[in-house]
Amino acid sequence: MNGHLLASLDIGTGKVICAVAELSPEQEFCVTAVGQEELGGALRRGMVVSVKKVAAAIESAIEEAELVLPWSVEDVFLSVSGEHVRGFAGTGTVSVGSSDEQGASEITREDVAKAEEAARAVGLPAGCRVLETIRRDYAVDGFERLREPPMGLNAEQLSARIYTVISDKVATQNLEQCVRQADRFVSGVYPSALASGMAVLSEDEMEMGVVAVDVGAGTTDVAVFKDGTLAHLGVVSLGGDLITSDLQSLRVSLQEAEKLKTKWAVASDSMVDAKKSMKVPRLGGRGTFTVSHAVVSQIVIQRVEEIFEAVSREISKSGLDSTELPGGMVVTGGSSRLPGLVEAAGEVTGLPVELGKPTGFETATELVSSPEYSTAVGLLLLGLRKVGESERWTRERFFSEVKSKIAEILKKLR
Ligand SMILES: Nc1ncnc2c1ncn2[C@@H]1O[C@H](COP(=O)(O)OP(=O)(O)OP(=O)(O)O)[C@@H](O)[C@H]1O
Ligand SMILES: [Mg+2]
């Protein structure tokens with residue numbers, strides 16, 4: 001944040017998006033600029049393949065956003081995805097009070113810190129970078145799921161539950177390197193799944209229990225929220241580009257397969273039109289052939305089912321069943337545009353499913369109202385949270401608190 005604006009960079013498998021939020025004269029945060037550039041294979045499953053190409057795409061996406069801004073974008077909040085981004089649940093238990101005391105003692109700040117530290121240290125792999133540390137809840141003799149640290153209570157034992165999200169250190173360094181090569185600074189790195197969840201979910205949903213699923217080009221990001229915090233995060237290395245390459249098995253070009261997917265296919269049996277067929281150009285340009293809507297859609301349906309079976313496995317890792325997730329599932333990301341994907345996701349996972357588009361900014365949202373922008377918009381929300389030095393997850397409350405703080409900063413600068 002350079003005082004005037006907040007910028008985010010979603011480096012996805014298919015493209016780089018730069019989104020910028022500014023404080024309006026009415027003291028409302030709104031997204032005022034967006035830039036985008038294709039990546040063309042320079043990133044695979046969240047891992048950088050070519051620093052030079054990714055840096056050039058970053059530069060170009062930022063420059064496009066800067067065209068409509070009176071300021072330049074100097075630093076960005078960055079997202080990271082890929083199978084190397086994972087969450088670990090840890091529980092740390094400590095005895096309260098000194099060891100020579102018998103019975104219950106009053107829980108102090110130090111006891112809480114010790115329990116949290118013990119929970120944090122649980123089994124993190126070597127070579128990882130900690131992206132997020134989330135205090136889930138606390139337990140004392142006889143009470144579980146206490147949201148606030150139970151300081152002042154008398155107890156013999158205290159447990160803290162912490163959820164830690166990590167990424168591969170080198171993979172993350174490579175992404176940051178690309179930003180540096182584009183002459184910008186990284187203000188923070190967040191998991192894409194968390195960012196997308198922040199953009200499409202409401203505070204109430206996160207409280208009740210809900211899953212956000214961002215189906216992109218190369219990855220599907222899954223974030224489970226419960227009791228207002230992140231309960232599980234995982235990334236599946238499957239996405240919309242696989243559906244396109246499956247369709248190429250019909251012996252059509254990549255462009256033709258992409259067209260079939262985005263303009264014609266459906267992802268649910270109930271939407272297949274048995275009477276429909278169309279002529280498509282043969283690979284190599286030698287004439288055309290006819291394919292039925294059923295054949296094309298069946299290829300899509302199979303892959304979409306596979307994706308949501310993998311999503312189901314991620315959800316079950318959270319230890320929460322569908323009764324504990326009454327908010328169901330909200331799907332977003334470019335591939336969520338596939339007609340019938342919502343129905344298919346519901347059938348496979350057994351959860352109520354809805355489409356999610358980014359919300360959270362009060363005006364100018366039409367700039368970023370498509371599901372592809374969820375990560376970039378969520379990053380702005382996470383960036384705002386960081387700027388406001390608030391650990392709270394609540395978007396609505398957070399906005400009103402942070403707005404006045406940032407307005408103060410801007411008054412000094414302008
Ligand atoms: N109308 C549509 N129907 C079906 N698929 C679509 C449609 N529009 C875009 N897609 C697909 O969405 C994918 C791109 O989504 P998105 O922009 O969210 O991915 P990304 O962020 O670049 O990748 P990732 O998050 O996997 O790293 C592509 O596979 C594209 O084919
Ligand atoms: Mg993405």
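Colleague: Over how many bridges do β7 and strand β12 pair, and in which sense?

Modeller: Two strands count as paired if DSSP finds at least two bridges between them. Here β7 and β12 (residues 157-168) pair over 10 bridges, in the antiparallel sense. One of those links joins Gly-90 to its bridge partner Ile-162 in β12. As for the names, helices (H or I, at least four residues) and strands (E, at least two) are DSSP runs numbered from the N terminus.

Before we go on, residues are numbered from 1 along each chain as its sequence is written, while chains are lettered from A and ligands numbered from 1 in the order in which they are written. This is a predicted model, in which local features need pLDDT of at least 70 and side-chain atom pairs count only at pLDDT 80 or more, while totals for chains, interfaces and linings use all residues.

Colleague: Okay! Which strands stand at the edges of the sheet with β7 in it?

Modeller: Follow the order of the open sheet, β7-β12-β9-β10, with antiparallel pairing. β7 (86-95) and β10 (143-146) are the edges: each has a single partner strand, so one side of each has no neighbour in the sheet. From one strand to the next, the twist averages 30°. Angles like this run from 0 to 180 degrees between N-to-C directions, and axes are lines fitted to C-alpha atoms, for helices over the stretch in contact. Helix α2 (residues 109-120) lies across β7, β9 (128-140) and β12, at about 140° to β7.

Colleague: In what order do the five strands of the other open sheet come?

Modeller: They go β3-β2-β1-β6-β13, and the pairing is mixed. The average twist is 25° from one strand to the next. β6 and β13 pair in the parallel sense over six bridges, and Val-80 has Pro-191 of β13 as its bridge partner. Helix α3 packs on this sheet, touching β1 (5-11), β6 and β13, and its direction makes about 150° with that of β6. α3 also lies across β9 and β12, at about 55° to β12.

Colleague: How do I describe two packed helices?

Modeller: Use the angle between their axes and the distance between the axes. Take α1 (residues 51-66) and α3 (residues 169-181): the angle is about 55° and the axes are 8 Å apart. That makes α1 oblique to α3 (under 35 degrees is roughly parallel, over 145 roughly antiparallel, 65 to 115 roughly perpendicular, the rest oblique). Residues making the contact (C-beta atoms, placed from the backbone, within 7 Å) include Val-54 and Ile-58 of α1 and Gln-177 and Cys-178 of α3.

Colleague: And which residues of helix α7 are buried?

Modeller: Count the other C-beta atoms, placed from the backbone, within 10 Å of a residue's own: 20 or more is buried, 12 or fewer exposed, in between partly exposed. In α7 (residues 254-263), the buried ones are Ala-257, Leu-260 and Lys-261. They cover an arc of only 95° around the axis, which puts them on the same side of α7; the arc is that of the directions from the helix axis to the C-beta atoms. The face turned away from that side carries the exposed Gln-255 and Lys-263. Among the elements covering the buried residues are α6 (240-247) and α8 (293-317).

Colleague: Is Glu-74 buried, exposed or partly exposed?

Modeller: Glu-74 has 16 C-beta neighbours inside 10 Å, so Glu-74 counts as partly exposed. Look for Glu-74 in the loop between α1 and β6 (75-80).

Key. Two residues are in contact if their C-beta atoms, placed from the backbone, lie within 7 Å.
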